[in-house]
Amino acid sequence: MNLGGDISEENDTNKGSMWVLDQKLDQPMDEEAGRLRTMYRKSNSLSLSLDFTFSSLLLLRFAFQSLGVVFGDLGTSPLYVFYNTFPRGISDPEDVVGALSLIIYSLTLIPLIKYIFVVCRANDSGQGGTFALYSLLCRHAKIKTIPNQHRTDEELTTYSRSTFHEQSYAAKTKKWLEGHASRKNALLVLVLVGTCMVIGDGILTPAISVLSAAGGIKVNSPKMNNDYVILVAVVILVGLFSMQHYGTDKVGWLFAPIVLLWFLLIGGIGIFNIWKYDSSVLRAFSPVYIYRYFKRNGKEGWTSLGGIMLSITGTEALFADLAHFPVSAVQIAFTTVVFPCLLLAYSGQAAFLVVHHDNDETVTQAFYRSIPEKIYWPVFVVATLAAIVASQATISATFSIIKQAHALGCFPRVKVVHTSKKFLGQIYIPDINWILMILCIAVTAGFKNQSQIGNAYGTAVVVVMLVTTLLMTLIMILVWRCHWILVVIFTGLSLVVECTYFSAVLFKVDQGGWVPLVIAAAFLIIMYVWHYGSLKRYEFEMHSRVSMAWLLGLGPSLGLVRVPGVGLVYTELASGVPHIFSHFITNLPAIHSVVVFVCVKYLPVYTVPEEERFLVKRIGPKNFHMFRCVARYGYKDLHRKDDDFEKKLFDNLFMFVRLEAMMEGCSDSDEYSLYGQQTEKSRENLLNNNGNTSPSIGDFTMSTVDSIVPVRSPVNGNNTVTSQMSNQTEMDELEFMNNCRDAGVVHILGNTVVRARRDSRFYKKIAVDYIYAFLRKVCREHSVIFNVPHESLLNVGQIFYV
């Protein structure tokens, strides 16, 4: 017993000392991250101040442009709201006034007060949507389920977060969220549900908008078969999805004029109809008529809320499409153009329906029937174009949110095409585009009428709004640090309104409302299973990583033959040696002269500046020629085809060697200042000299100590000798690394196959062995994303059981 205890204690001691040694050998990159932040803080703060300081004229221009991108979906709602509210016709004209009152206060409470003046302020440096809120929360609390963040990431200029007192309510909420993994998973599932419903919007918005617009051709030909309307809608949808690969940049300049013309038309027609038919409908601004509406209609009036709610569809897309416009511009556009024009449009339709409520055909085509005959066809053309613009905005938002989901490890790797050289957020995902098109056509041709599609649309929208409300509650506590009374008021009012709508759409689940639930369930399974597999692969790498002390104990040759060349070992670890590398050197007799461990990771920020993307650090003594490079990306950053990842990596590696030599040349004397203005100038000079693809020795002849300014005394002889020796060492190592690069670069990727254990439950076997395995098989490889030549690729396989 005593012997066993002594052995255990000795092992613990050895393990502890090995851990301490590992920490000394492979320290975090705090110094490197801090240096980057210091060097680029001034330039970034200057650019940010320029980005967010707008003149009045520029603000109005942004407000005009936002009409075409942000408000298209919300603006086309008058096409189908009254039909979905009264699918069985109107028995009492007072019901029209009650419905109009509900529409007025729905538009006021949800889009205007909640989203425009509250939710839009919760943007992540201008980025909106469910994942933007989640990334904000991840920066203020350790709730990310894949724990690959490090304190060095907080040194990024785009990594902004607020701090709070330990005894505050925010600190207690943070501690509660971080306390159990189940709470982190529940929050992730909530975010994924909202994301899946937004994807459902990407399917249902084109279906209902285009079908409603195409229905105008039937107004003057009542005997026309409805199949012709369906055919026209399908043709428009096929054309819309087929044009996606061109991107909105090519035709985006048309969007704002089209939508502005649309709003002016529906607002003008609304004024005309109020004047012509019944101006008394304006009494609907009194909430008393809401009470009378429910009292008169009972359960039927309650279920009609599913149609009323369609008047605020597009609000969730408004927040998701926030990226390219300042919040103040969106607020100006909504309050001066969108909101008044929508109120006039609905009031005009209501005035028309009060007079013609006894005609069921009129109720079905309320929007087109209320158009004056002389301008009918021009309005029909503009309505069709507006429906296309609204659909385009929703499809683009779907592409964007799937890209964000992939960056946070919640969606399989898919091909992402950057469609604009000017705007970072304009992307195209071919695989998702065709899936959306097939599902959209299936919904349009399958239901064949607006009513059932409207029921499905309403279900998707209200779920997204509920998710946003719950996330906003946490944002107000953790990020804004609002008083708990304000949090209760906002959350309470939002939940009362949205749960009321949610209870109404539940009555229509069997009338089309099941569609978004099925779509969301399918995408939720895909996203959660992929995330589960990614998490297990990361945990496997963490637990099976090799001791740095063991690796360095092998000596400079690593116990193998070091052959000319550079080996880039890709890993998900930002510290330690991955298991695939030990597997590699165990089974092969040789290794490259220069080894670089490359970690590519995504952070909960919208972008990482190019200057701060790479962190480079040496591992072990210089004669080992081993480095670590961490490449950091935000959820909006893209790997473009024209980006040479390998070139950028080597540029930063060479720059690190030069800076390291410069620092060593000054470290022997306290008479030289390394940090400060001169070092920043040196960094700028190095950046300017690193423009060539393959740096030659002549490029590195500049003395690394020329920019180091003496603080107290002139340079003495010893320092000159030290500087010359450091400079010569730098040139020797750069020449060696450059020769190794010319000899060949090999990209070593780990191919970890995840399998469920034999004793696992059946649902786990299905998820891991079939669903995750299938997704891994059809998704893009890392080598394709980073443009790795096939002849330079080496896959190292291993199997991991969960």
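Which helix holds both Phe650 and Phe654, and how many residues apart are they? Both lie in helix H26 (residues 645-667), four residues apart, about one turn of the helix. The close-ups below are taken from a predicted model.

Close-up 1. Phe650 is buried, with a relative accessible area of 1%. Phe654 is buried as well, with a relative accessible area of 1%.

**Close-up 2. Phe294 and Trp302 make another tilted pair**. A search of the whole structure finds 23 aromatic pairs, among them this one. The centres are 5.7 Å apart, with the planes at 50°. Phe294 counts as partly exposed at 22% relative accessibility. Trp302 also counts as partly exposed, at 32%.

**Close-up 3. Six aromatic residues are joined in a cluster**. The members are Trp262, Phe367, Tyr368, Tyr376, Trp377 and Phe380, linked by ring pairs. Tyr368 is also among the residues with the most contacts inside the largest nonpolar core.

**Close-up 4. The largest nonpolar core has 163 residues**. Phe71, Phe82, Tyr134, Phe263, Tyr368 and Met472 have the most contacts inside this core. Helix H16 (residues 327-355) supplies the largest share, 18 residues. Another core lies apart from it, with 30 residues, including Leu568, Phe627, Tyr635 and Leu749. Phe71 touches Ser66, Phe263, Leu318, Val330, Ala333, Phe334 and Val338, leaving aside residues up to four places away in sequence.

**Close-up 5. Helix H7 is largely enclosed by the rest of the structure**. In this helix (residues 130-140), 11 of the 11 residues are buried. Tyr134 and Arg139 are among them. The cover over the buried residues of H7 includes helix H8 (169-179), helix H9 (181-214), helix H15 (315-320), helix H19 (376-407) and helix H21 (450-478). The charged end of Arg139 sits over the ring of Tyr159, 5.9 Å from its centre.

**Close-up 6. Arg292 sits over an aromatic ring**. The ring is that of Tyr289, and the charged end of Arg292 is 5.1 Å from its centre.

**Close-up 7. Asn433 is buried in helix H20**. The helix spans residues 430-447. Asn433 has a relative accessible area of 0%. Its contacts are Phe241, Gln244, Phe399 and Tyr428, not counting residues up to four places away in sequence.

Close-up 8. The structure has 14 salt bridges. Glu178 is partly exposed at 24% relative accessibility, and Lys174 is partly exposed at 22%.

**Close-up 9. A salt bridge joins Lys648 to Glu610**. The closest N and O atoms are 3.2 Å apart. Lys648 lies in helix H26 and Glu610 in the loop between strand E4 (590-602) and strand E5 (614-619), so the pair ties together parts that are 38 residues apart in sequence. Lys648 is partly exposed, with a relative accessible area of 25%. Glu610 counts as partly exposed at 39%. Both belong to a network of salt bridges that also links Arg613 and Asp637.

Terms used. Residues numbered from 1 in each chain as written. Predicted model: local features only at pLDDT ≥ 70, side-chain atom pairs only at ≥ 80, totals over all residues. Heavy atoms only, no water. Core = buried A, V, L, I, M, F, W, Y, C linked by side-chain atoms within 4.5 Å. Buried < 20%, exposed > 50% of the residue type's maximum accessible area, 1.4 Å probe, protein only. Helix = DSSP H or I, 4+ residues; strand = E, 2+ residues; numbered from the N terminus. Contact = heavy atoms within 4.5 Å. Phe/Tyr/Trp six-rings, centres within 6.5 Å; stacked < 30°, edge-to-face > 60°. Lys NZ or Arg CZ within 6 Å of the ring centre and 35° of its normal. Salt bridge = Lys/Arg side-chain N within 4 Å of Asp/Glu carboxyl O.
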